[in-house]
There are 2 protein chains.
Amino acid sequence: MASPLRVGLAGLGTVGASVVKLLVANRDAVATRAGRPIHLARVASRTPKPDVDLGGATFNTDLASLGAADVDVVVELIGGDGAARTLVETALQAGKHVVTANKALLAACGDDLFAAAGRQGLSIGFEASVAGGIPIVNALRTGLASNRIDALAGIVNGTSNYILTAMEEDGCSFGEALARAQQLGYAEADPTFDVEGIDAAQKLAVLAALAFDTRIAFDGVATEGIANVDIEDIRHARELGFSIKHLAIARLREGGVEARVHPALVPESLLIAKVSGVMNAVMAHGDAVGPTLFIGPGAGGMPTASAVVADLVELARGTLATPKQASRQLASSGVGSVICPHYLKIPAIDKAGVFAEVADVLSRHKISIEAVIQRPPSSSATSVHIVILTNDIAEREIETTLAELGGLAGVCGPITRIRVADLDAMMPSA
Amino acid sequence: MASPLRVGLAGLGTVGASVVKLLVANRDAVATRAGRPIHLARVASRTPKPDVDLGGATFNTDLASLGAADVDVVVELIGGDGAARTLVETALQAGKHVVTANKALLAACGDDLFAAAGRQGLSIGFEASVAGGIPIVNALRTGLASNRIDALAGIVNGTSNYILTAMEEDGCSFGEALARAQQLGYAEADPTFDVEGIDAAQKLAVLAALAFDTRIAFDGVATEGIANVDIEDIRHARELGFSIKHLAIARLREGGVEARVHPALVPESLLIAKVSGVMNAVMAHGDAVGPTLFIGPGAGGMPTASAVVADLVELARGTLATPKQASRQLASSGVGSVICPHYLKIPAIDKAGVFAEVADVLSRHKISIEAVIQRPPSSSATSVHIVILTNDIAEREIETTLAELGGLAGVCGPITRIRVADLDAMMPSA
């Protein structure tokens with residue numbers, strides 16, 4: 001058997017420890033598939049983890065030391081784009097391949113790193129950076145490589161999907177669902193990153209750049225989290241035949257890319273509406289294959305380690321594709337080009353004529369009403385919620401309409417607006 | 001750019017013509033991803049197809065001529081294991097790579113072909129042989145390569161899934177659904193191959209060999225088609241919370257492989273129960289990643305061409321894994337090791353005491369009854385159907401039980417028995 005692939009691993013958090021464990025547990029199977037052993041030679045972590053059996057690897061608390069170590073590949077599992085970036089750049093300069101789970105780094109400067117690797121004929125494996133154990137990067141790089149991909153859509157943040165599922169299935173509030181997610185280790189103590197959609201936006205930037213062969217500015221992704229979705233919205237949506245999911249959507253448009261992350265009403269007839277809990281799902285639509293959907297665990301130690309070690313296997317056998325610098329930079333249109341139906345929840349004074357005022361505004365904007373839900377107010381309440389499902393509206397039109405509705409005397413609070421996913425034609429249906 | 005990959009294509013049926021079309025349509029995108037052009041140099045087909053624009057490729061009606069032609073890779077889209085086998089063997093002997101969509105050939109002698117290719121350092125791409133455009137072969141070869149796969153389950157025959165979906169959604173009979181599938185081009189004039197499960201069994205043999213690293217005898221796959229499922233069974237199943245799907249299942253068992261293809265009741269709570277029409281879905285369960293599910297178009301010209309050309313892209317850039325001869329031959333246990341709940345539909349004389357007789361037989365075999373459906377007979381009928389959902393039963397036990405039930409005086413026709421899919425713990429749920 002050929003000489004081993006020597007691995008230097010940076011970071012011993014949940015994923016790092018799982019990679020160590022997986023390399024030991026499946027050592028023989030991995031060596032058979034790779035055609036040579038994969039040898040964990042060095043591990044670096046700021047904090048030593050005496051509980052993790054490193055199987056004889058040399059340990060060091062100096063992360064930067066790995067860049068200069070005698071290894072063939074540096075596995076970067078530190079996260080963020082500070083020390084991680086320095087380590088990856090140093091490793092590439094020193095002629096080492098890189099495997100990383102770091103979507104923040106790739107969203108910030110992936111294209112530059114790919115260019116640096118490409119110049120030296122080095123590979124960067126990043127399967128673990130998006131959707132955990134689902135081999136979606138691999139599918140876009142190879143299995144669907146014959147296609148022009150024109151759309152991606154997915155549930156790529158397990159924390160948000162867990163919270164929305166708990167609200168839908170168990171009727172708990174956003175706060176209760178978040179607390180439960182934190183108890184179970186599905187959400188961080190500071191959940192901002194997940195709940196406000198930043199994590200999903202970074203993942204979308206990585207996938208869209210790959211699928212559409214374009215540099216994509218991370219700040220060109222329109223980003224909205226799930227904090228404004230309440231249990232009432234979920235119930236209303238269900239009544240109308242929809243599930244509310246936090247979607248990351250990227251589509252090729254005339255001369256640009258539409259990239260956006262936001263909650264959306266998804267028709268129950270689409271399979272992705274049924275993806276629950278911490279599961280992730282990514283749809284890729286290609287001109288030859290049509291719609292494909294990949295589902296699996298999107299986070300967690302072992303699923304993410306599955307992706308890291310899969311990249312190492314490919315690297316060991318020499319089949320990991322050298323990443324390419326994107327050949328173009330398409331303009332990013334965010335939500336500007338979106339035309340879709342909308343769900344509106346309008347808090348209104350319980351008084352004759354208010355509905356007519358609302359309907360009049362919609363009518364003047366040529367927005368037609370597809371469905372309405374309005375319940376009799378409880379005896380103590382002085383306001384009601386008017387819930388309206390509209391037909392297709394362009395983004396600019398809905399913005400001016402919302403401003404006008406907000407100015408009506410009968411409207412007594414902030415209006416909730418949630419887009420309806422306009423993906424029917426592209427998604428496998430249930 | 002490097003010299004082109006020269007392709008010789010055998011077979012101009014639906015898939016062959018689509019491959020030609022796709023190579024032309026996405027020529028530039030494919031060349032960019034492959035790092036070099038993919039050039040269709042020669043095409044051979046027994047029957048000339050003047051309608052297909054071959055883009056300047058040399059045409060020949062002698063299929064065997066491709067084996068000796070000046071091409072780098074032979075794409076075999078003839079089907080069957082006669083002329084196709086000769087062509088593939090000749091091509092490998094002449095030092096050419098092979099890409100094939102031929103599950104029958106691979107199920108019959110894939111391991112020998114892999115060995116022959118391996119001896120010469122040649123690749124065999126077979127993404128198109130299973131589940132059309134879904135890159136499941138690629139996922140098992142690379143994206144999940146860090147895992148020990150312990151189970152596969154899937155809907156891999158689009159014709160059968162179309163028929164079952166039409167029966168479930170539109171209430172048509174098996175015969176009507178089949179006729180409709182034939183009209184739409186989803187089923188052959190002679191549907192035996194699809195409807196009796198042979199196609200699915202061949203695909204399962206290909207996937208299981210790859211996932212479990214074993215030679216697998218195709219005739220070791222227990223095979224049962226959908227012809228005995230009737231509309232009543234589908235309605236009863238739905239009432240009990242299940243959908244009836246034609247599943248291909250392979251699991252690692254103590255010292256062997258359990259490989260089987262049969263209709264099964266699938267709990268509505270599993271995502272795979274929602275995969276409808278000609279869509280395919282394959283679940284792979286790995287020790288690190290857990291459950292993953294891949295969904296997409298399982299047949300048709302362009303989706304299958306998507307897989308063929310993806311293999312060509314990988315071949316062109318040198319990242320298509322060289323197939324390995326399996327390192328072992330695990331014993332095939334067919335359905336012998338299956339323990340699962342069963343759905344039984346027992347035609348019985350409408351007379352007091354018959355149900356008690358049935359219950360007594362089940363009780364003596366320690367089979368407990370989880371649910372019963374029995375409707376009052378129509379006024380003209382002299383018999384009723386007793387529908388029973390059992391707890392877990394081992395295969396041998398159910399066989400003897402069925403024989404005994406069949407011998408009861410009150411049982412007046414053949415008993416329908418359908419297994420319940422025992423996959424809950426391994427499948428992403430809806």
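**A core residue and beyond**

Reply: Leaving out residues up to four places away in sequence, A:Leu204 touches A:Val156, A:Val221, A:Ala248, A:Ala250, A:Ala259 and A:Val261. Here two residues are in contact if their C-beta atoms, placed from the backbone, lie within 7 Å. The model is a predicted one, in which local features need pLDDT of at least 70 and side-chain atom pairs count only at pLDDT 80 or more, while totals for chains, interfaces and linings use all residues. Residues are numbered from 1 along each chain as its sequence is written, and chains are lettered from A and ligands numbered from 1 in the order in which they are written.

A:Leu204 belongs to the largest nonpolar core, which has 310 residues; A:Leu204, A:Ala208, B:Leu204 and B:Ala208 touch the most other members. Such a core is a set of buried Ala, Val, Leu, Ile, Met, Phe, Trp, Tyr and Cys residues joined through C-beta atoms within 7 Å. A residue is buried when 20 or more other C-beta atoms lie within 10 Å of its own, exposed when there are 12 or fewer, and partly exposed in between.

Another buried residue is A:Val313, with 29 other C-beta atoms within 10 Å. A:Val313 is part of helix H12 (residues 301-317) of chain A; helices (H or I, at least four residues) and strands (E, at least two) are DSSP runs numbered from the N terminus. Apart from neighbours within four places in sequence, A:Val313 is in contact with A:Val30, A:Arg33, A:Ala34, B:Ala145 and B:Ser146. From A:Val313 to A:Gly35 there are 278 residues in sequence, but 8.6 Å in space, C-alpha to C-alpha.

In total, 49 residues of chain B are in contact with 49 residues of chain A. On the side of chain B that touches chain A, at least two residues each come from helix H2 (27-34), helix H6 (136-143), strand S11 (279-286), strand S12 (290-297) and helix H12 (301-316) of chain B. By class, that side of chain B has 26 nonpolar, 17 polar and six charged residues; Ala, Val, Leu, Ile, Met, Phe, Trp, Tyr, Cys and Pro count as nonpolar, Asp, Glu, Lys and Arg as charged, and the others, Gly among them, as polar. Strand S12 (residues 290-297) of chain A pairs with S12(B) in the antiparallel sense over three bridges, and A:Leu293 has B:Ile295 as its bridge partner. Strands count as paired if DSSP finds at least two bridges between them.

Within chain A, strand S17 (residues 383-390) is mostly covered, as six of its eight residues are buried. Strand S15 (residues 342-349) of chain A runs antiparallel to S17(A) and is joined to it by seven bridges, with A:Pro347 opposite A:His385. Four bridges join S16(A) to S17(A), again antiparallel, and A:Ile369 is the bridge partner of A:Thr390.

A:Lys366 has a positive phi of about 60° although it is not a glycine. Most residues other than glycine have a negative phi. A:Lys366 is exposed, with 10 other C-beta atoms within 10 Å.
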